[in-house]
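My plan is to look things up one at a time and write down what I find.

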Amino acid sequence: MIDIVFVNWNAGKLLQDAVASIIKYHSGLVSSTIIVDNNSSDNSIALVEELGTDFPFELKIIKNDTNNGFGAACNQGAAAGNAKYILFLNPDAQLFEHSLSVPYNYMERPENQGVGICGIQLIEEDGHVARSCTRFPSLKTFTVNALGLNKLPFSTFKSMHMHMGDWDHLSTREVDQVIGAFYFMRRNLFEQLRGFDERFFVYFEDLDLAYRTKQAGYKSMYLADTQAFHAGGGTSSQVKATRLFYSLRSRLIYSFTHMSKLEAIGITLVTLIVEPISRTVLSLMKGSVADVKNTWAGYSMLWKALPAILKGQTR
């Protein structure tokens, strides 16, 4: 009843451990596990193949000649399956005993047919419950985050962070967006919405899909009565300047897609003019020259890409 889709880029042993956890805790629900490899240069696929061939589900590996981005690779993986539900799972995540059965049973109940996307409680390496859910952003929240006001000690702006760090994630509730690390979605809805918007190379593609899910009349639910492991950071931590570039780029694409033109222009101006200064100041306060270099390297890439972003040529 479930297709599990991984997007892999140099995840190393993390991917092997993730697939091994599915073998152990598939609960008889997994139709196929699909790995879309975005032109990795490490041995992550070979490590998965070392697990053998006697899987309790079909294992499919799609190897791309280039890095097609996260959203595009997710769409590739989804198209390779046909189960009723799709679980988009990060390579740095691992399943536990009831990680699949609880969201599956929840989504199957007649009273929950209006739920389009489901997430569960994610446990970090230190054993804490991750603050993994996100609010839909506004001009105000984007501005507060860009200025770093929510990071200041005793700040009155802490609750305006997009990420719901002010909530302990210990109860089940409807949310705007569950994290893409464990993104359990109805296939018919995913196909109705034409999957992830591939203009988002990485970051915000899950937020965009959650927003379109909400517009289509469906809910996103966070379930606190089962768990999975999520290391956090994943392989994107390998390339900090590039990670910053794609995050900012996706922010602008999201703004021009889902906000008024005036709001999108305001977010663009704050992002391009104010935020690099605030990031630099915060990095210097921490004594991190490396972060300053990464900030300006990321912004250099963003400024070069800006004409294409504004013209909508973002593939």
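Before anything else, I need a cut-off: a residue counts as buried under 20% relative accessible area, as exposed over 50%, and as partly exposed in between. I also note that this is a predicted model.

**Entry 1: S300**

I looked up S300 with that cut-off in hand. Its relative accessible area is 29%, so S300 is partly exposed. S300 lies in helix α10, which covers residues 289-310. I then checked S300 against A20. The two are 280 residues apart in sequence. In space they are 40 Å apart, C-alpha to C-alpha.

**Entry 2: strand β2**

Next I asked how many residues of strand β2 are buried. I found seven of the eight, in the run 30-37. Strand β2 is therefore largely enclosed by the rest of the structure.

I looked for the pairing partners of β2. Strand β1, residues 2-8, pairs with β2 in the parallel sense over seven bridges. Strand β3, residues 58-63, also pairs with β2 in the parallel sense, over six bridges. I picked I34 in β2 to follow across. I34 is the bridge partner of V5. I34 also stands opposite K60 in β3.

β1, helix α1 (residues 13-25) and β2 make a right-handed β-α-β unit. β2, helix α2 (residues 44-49) and β3 make a right-handed β-α-β unit as well.

**Entry 3: helix α3**

Is helix α3 mostly covered or mostly open? I found it mostly covered, with eight of its 10 residues buried. Helix α3 spans residues 70-79. Among the buried ones I listed F70, C74 and N75. G71, A72, A73, G77 and A78 are buried too.

I wanted to know what these residues pack against. The buried residues of α3 pack against strands β1, β2 and β4 (85-89). They also pack against helices α6 (187-192) and α7 (205-215).

**Entry 4: helices α5 and α9**

Last, I looked at a helix pair. Helix α5 covers residues 139-147, and helix α9 covers residues 261-285. They pack at an angle of about 10°, with their axes 9 Å apart. Angles under 35 degrees count as roughly parallel. So α5 and α9 are roughly parallel to each other.

I wrote down who meets whom. From α5 come L139, F142, T143, A146 and L147. From α9 come E263, G266, I267, V270, V274, E275 and S278. The residues of this contact divide into seven nonpolar, three polar and two charged.

Conventions. Residues numbered from 1 in each chain as written. Predicted model: local features only at pLDDT ≥ 70, side-chain atom pairs only at ≥ 80, totals over all residues. Heavy atoms only, no water. Buried < 20%, exposed > 50% of the residue type's maximum accessible area, 1.4 Å probe, protein only. Helix = DSSP H or I, 4+ residues; strand = E, 2+ residues; numbered from the N terminus. Pairing = 2+ DSSP bridges. Right-handed = clockwise from strand over helix to strand, strands pointing away. Contact = heavy atoms within 4.5 Å. Axes fitted to C-alpha atoms, helices over the stretch in contact; angles between N-to-C directions. Parallel < 35°, antiparallel > 145°, perpendicular 65-115°, else oblique. Nonpolar A, V, L, I, M, F, W, Y, C, P; charged D, E, K, R; others polar.
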